[in-house]
Amino acid sequence: MTTVAAYAAPAAKAPLERTTIERREVGEHDVSIDIRFAGICHTDIHQVREGWGDAIFPMVPGHEIAGVVSEVGPGVTRFAVGDRVGVGCMVDSCRECDHCRAGREQYCDSGMTDTYNALDRNGQPTYGGYARRIVVDENYVLRIPDSLGLDVAAPLLCAGITTYSPLRRWGAGPGTKVAILGMGGLGHMGVKIAHALGAEVTVLSQSLRKRDDGLKMGADHYYATADPKTFDELRGTFDLIVSTVSAPLNLDSYLSLLRPEGTLANVGAPEEPVSLNLFSVIGGGRGLAGSMIGGIAETQEMLDFCAGHGIGAEIELIAADGINEAYERVMSSDVRYRFVIDTATI
Ligand SMILES: [Zn+2]
Ligand SMILES: [Zn+2]
């Protein structure tokens, strides 16, 4: 075991504080990564505050990890010391079920191993990216292309793939009309990626406050959902809506914005169950769907796509002692658009 400096929540809802954790020794197929940057995802806050159920403490959050390989195990074939790499939301899966074999490890039959707040396949707790170092099996490590800064690449490992995967799955591209619902950490990545894929992109945000940013990032249109006229004007418009919102929504209203056979894909999750009138999907054969991150191969495809289109996240770089304040600002939607921790300050 190696002792590593980290930031952890000692208990549910407690502020994060500097501490140390133990990382496993580098095994046959492991890569040791000097973490340089770690994004702050809304999920980190849900988990630390146990918004999604019981959690494991102390908790080192962080599943938007970018760094440099510092050591490799003897069986590692894909990475070498000095490589620029990333780790996202999972660090393992069963590798044998149909989903794992098909490259959709996030839907592994026995459950993927989350990067933090989980037990690994040996029953040891996993600790995430708010730390100086992490050890991960090479099959769950991504390569970050040279043209992407590690700081703006970190958020791609969750926010990037979470929006890229549904945009690809439901065919965003030239000739399609795509709406991105919510203009936060996920939403701003959705706008950039949907635009780069060639879709006509509309942002649906509560207000027009971030309109200039959205248009700069590639949106063609920008509407306020607080304005009831928006729903009249856009009725039956979109082939695909990707909802990044984690507040409860009036699903019937949003489904009415879809063309027949269009899809509303959810990547944001409210803590409470939602309800809808099923005629909203029966009429027009519309789809209500969900999507969770993406597989390892698709995550690499997303990183290469983003590098090819010059797409990184819009970030506010912070020192580790600013994490707790950053959480408060995320909760009040006061971030443009992703906080990234400079892990040298841990
Ligand atoms: Zn995330
Ligand atoms: Zn599996």
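**View 1. Strand β3 and strand β8 pair in the antiparallel sense.** In this predicted model, strand β3 (residues 30-39) and strand β8 (residues 133-137) are joined over 5 bridges, where strands are DSSP runs (E, at least two residues) numbered from the N terminus, and two strands count as paired if DSSP finds at least two bridges between them. Within this pairing, the bridge partner of Ile33 in β8 is Ile134. The model is a prediction in which local features need pLDDT of at least 70 and side-chain atom pairs count only at pLDDT 80 or more, while totals for chains, interfaces and linings use all residues. Residues are numbered from 1 along each chain as its sequence is written, and chains are lettered from A and ligands numbered from 1 in the order in which they are written.

**View 2. Strand β3 also pairs with β4 and with β17.** Antiparallel to β3 runs strand β4 (residues 65-72), joined to β3 by 7 bridges, and here Ile33 stands opposite Val69. With β17, the antiparallel pairing of β3 extends over 3 bridges, and Ala38 has Ile341 as its bridge partner in that strand. Because 9 of the 10 residues of β3 are buried, this strand is largely enclosed by the rest of the structure; a residue is called buried if 20 or more other C-beta atoms, placed from the backbone, lie within 10 Å of its own, exposed if 12 or fewer do, and partly exposed in between.

**View 3. Helix α11 has buried residues and, turned away from them, exposed ones.** The buried residues of α11 (residues 323-331), a helix being a DSSP run of H or I with at least four residues, are Ile323, Ala326 and Tyr327. Seen down the helix axis, they fall within an arc of 105°, taken from the directions from the axis to the C-beta atoms, so they line one face of α11. These buried residues pack against β1 (2-8), α1 (42-48), β16 (315-318) and β17 (338-342), contact meaning that C-beta atoms placed from the backbone lie within 7 Å. On the face turned away from the buried side, α11 carries the exposed residues Glu325 and Glu328. Ser333, which follows α11, has a positive phi near 55°.

**View 4. An open sheet of 6 strands is paired in parallel.** The strands are ordered β12-β11-β10-β13-β14-β15, and the edge strands, β12 (221-224) and β15 (287-290), each pair on one side only. Strand β10 (residues 177-181) is joined to β11 (residues 200-205) by 5 bridges, with Leu204 of β11 as the bridge partner of Leu181.

Conventions: Contact = placed C-beta atoms within 7 Å.
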